[in-house]
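Okay, thanks for coming, everyone.

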Amino acid sequence: MKYIIIAILFVICLVVGYTFFNKYNKRKKFFKALIMLAEKLTVEINFSRERLKVLIENFDKTTKQNLLGIDEGFLNYLDRKTELNDKEIFKKADVLKKEEKDFILLFLKTLGRSDVENQTKEIANFTKRFEEFKAVSDTEYKKYGTLSLKLSLIAGLFFVIVLI
Amino acid sequence: MLSKILPEKIAHIVGSKINLKSVNEIRFRADKPIIVAVGGKNYFLSENGLTSSLKDALYSSKIVIEDIIFRASECSIYSVNEQIKKGYIVTENGLRIGIGGNVVEENGQVKTMTNFNSVNIRIPHAIKNCSLSYFPYIVHDNTIENTLVISPPGCGKTTFLRDFVAQLSERNLTYNVLLLDERGELDTELDANFFDKIAFSSKKMGFENGIRSLSPDLIVTDEVGQEEDVDAILYASTCGVKILASTHADNMETFIKKALFQKLIKEKVFKRYVLLSKRNGPGTNEGIYNENFSRLSSSF
């Protein structure tokens with residue numbers, strides 16, 4: 001019984017640590033993917049001028065997985081299935097802060113609303129801010145992401161040693 | 001098709017309370033009542049369909065107009081900027097949407113249009129046999145006469161061109177027809193077999209490339225209105241290609257006085273002139289004339 005409780009405590013510590021690690025990891029990957037999407041849009045809008053829906057649907061599948069469902073939410077809006085608001089867009093993006101969500105929503109609201117030149121400038125301005133978000137999320141990941149994993153492992157081992 | 005671009009509430013009214021087959025245009029102007037043109041007459045749009053009473057009219061707003069343009073461009077205004085520069089968008093279903101707003105110019109060239117304040121959605125209709133009464137005057141002895149269809153806006157020029165191409169196909173007259181379609185609307189609901197299409201190209205480019213690459217017997221094109229269009233037609237006529245085109249003018253007298261067409265009139269490039277009006281609704285036949293502007297039939 002004792003060993004079972006020790007094992008459970010150890011696993012709980014690891015899960016808590018992994019949850020924090022995962023949060024920072026998701027944020028880091030999200031901003032990287034978002035910047036890649038913005039860059040892809042800039043290139044395609046300037047050259048192929050393909051429709052927004054097609055561009056987002058054809059965006060790299062692996063990278064798209066890190067967008068926390070905002071691409072799906074936006075496509076639903078383009079298809080008139082949902083409204084363009086934070087409730088619909090950020091359903092799966094609970095790791096984002098309010099300020100970040102507001103800014104991303106603003107970005108989505110400007111997409112497809114102007115000519116090539118203005119659209120390109122707008123995306124470039126948004127990308128600058130996304131890079132700032134990314135820099136912060138990278139730092140947080142380095143600072144707290146790996147740290148929380150290590151701490152959870154240490155805490156788990158601590159319980160194991162103390163309880164044995 | 002309108003449900004994709006209109007605001008939900010308006011789309012519902014238009015879809016359920018109006019017979020779209022009789023609608024020619026729907027106009028949205030910022031902070032003004034929504035107007036629906038039916039059979040050449042204007043009505044207001046209300047919750048219950050069409051009305052003549054202003055107090056029941058539904059009003060449009062700038063946001064509604066911007067949203068219609070956004071949706072009509074498939075949520076990608078940048079992709080249709082070349083059309084917007086010319087003042088319209090054509091949707092994937094062939095709806096032509098005229099746009100009013102502020103034109104942004106740079107170095108004498110239109111760069112784009114902003115601050116949209118009105119849209120005019122033109123509903124295309126295929127009116128079967130609308131060109132039939134003119135057909136024998138234009139096609140005879142296995143040849144087609146170069147023909148120019150003349151009318152004010154909204155009188156059925158494009159519908160006439162479409163039906164004429166369909167009539168050729170129906171009679172198995174296997175002419176290779178090239179639709180030179182600057183606005184991408186000529187083949188909307190077109191039931192014909194023998195046509196190629198060059199869309200969204202200038203007439204100059206379209207005539208040159210089309211003649212070179214597609215060897216058409218007949219080029220059908222809409223709204224001749226510039227010097228370079230006239231030059232393109234002159235070029236085609238010297239290549240042995242027949243032309244069916246349209247242009248804007250109130251009546252034959254106005255047309256004959258237009259400076260733009262003097263070269264074509266002098267050279268007698270067009271052998272037939274078809275005049276349309278909306279006197280008895282869009283597409284009213286007003287007569288067909290030969291190259292000397294003598295009326296060929298009084299039966300219209």
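This is a predicted model: local features need pLDDT of at least 70, side-chain atom pairs count only at pLDDT 80 or more; totals for chains, interfaces and linings use all residues.

Let's start on the outward side of helix 6 of chain A, where K98(A), E99(A), D102(A), L106(A) and K109(A) are exposed. Residues are numbered from 1 along each chain as its sequence is written, while chains are lettered from A and ligands numbered from 1 in the order in which they are written.

So which residues of helix 6 of chain A are buried? Those are E100(A), I104(A) and F107(A). In general, an α-helix has 3.6 residues a turn, so residues three or four places apart point the same way. Among what covers these buried residues are helix 4 (70–78) and helix 7 (116–163) of chain A. Contact, by the way, is C-beta atoms, placed from the backbone, within 7 Å. Helices (H or I, at least four residues) and strands (E, at least two) are DSSP runs, numbered from the N terminus.

As for length, helix 6 covers residues 98–110, 13 residues in total, and reaches 19 Å from first C-alpha to last, close to the expected 18 Å. That expectation is 1.5 Å times one less than the number of residues. Just past the helix, G112(A) has a positive phi of about 80°.

Over to chain B, which splits into domain 1 (2–122) and domain 2 (132–290), with bounds from an automatic or database domain assignment. Their C-alpha centres are 27 Å apart, and each domain gives eight residues to the contact. On the domain 1 side, strand 1 (23–29) and strand 5 (88–90) give two or more residues each.

Last stop: L244(B), in strand 14 (residues 242–248) of chain B. Is L244(B) buried or exposed? Buried, because 27 other C-beta atoms lie within 10 Å. Leaving out residues up to four places away in sequence, L244(B) touches T147(B), L161(B), F164(B), L218(B) and V220(B).

Notes:
A residue is buried if 20 or more other C-beta atoms lie within 10 Å of its own, exposed if 12 or fewer, and partly exposed in between; C-beta atoms are placed from the backbone. Two residues are in contact if their C-beta atoms, placed from the backbone, lie within 7 Å.
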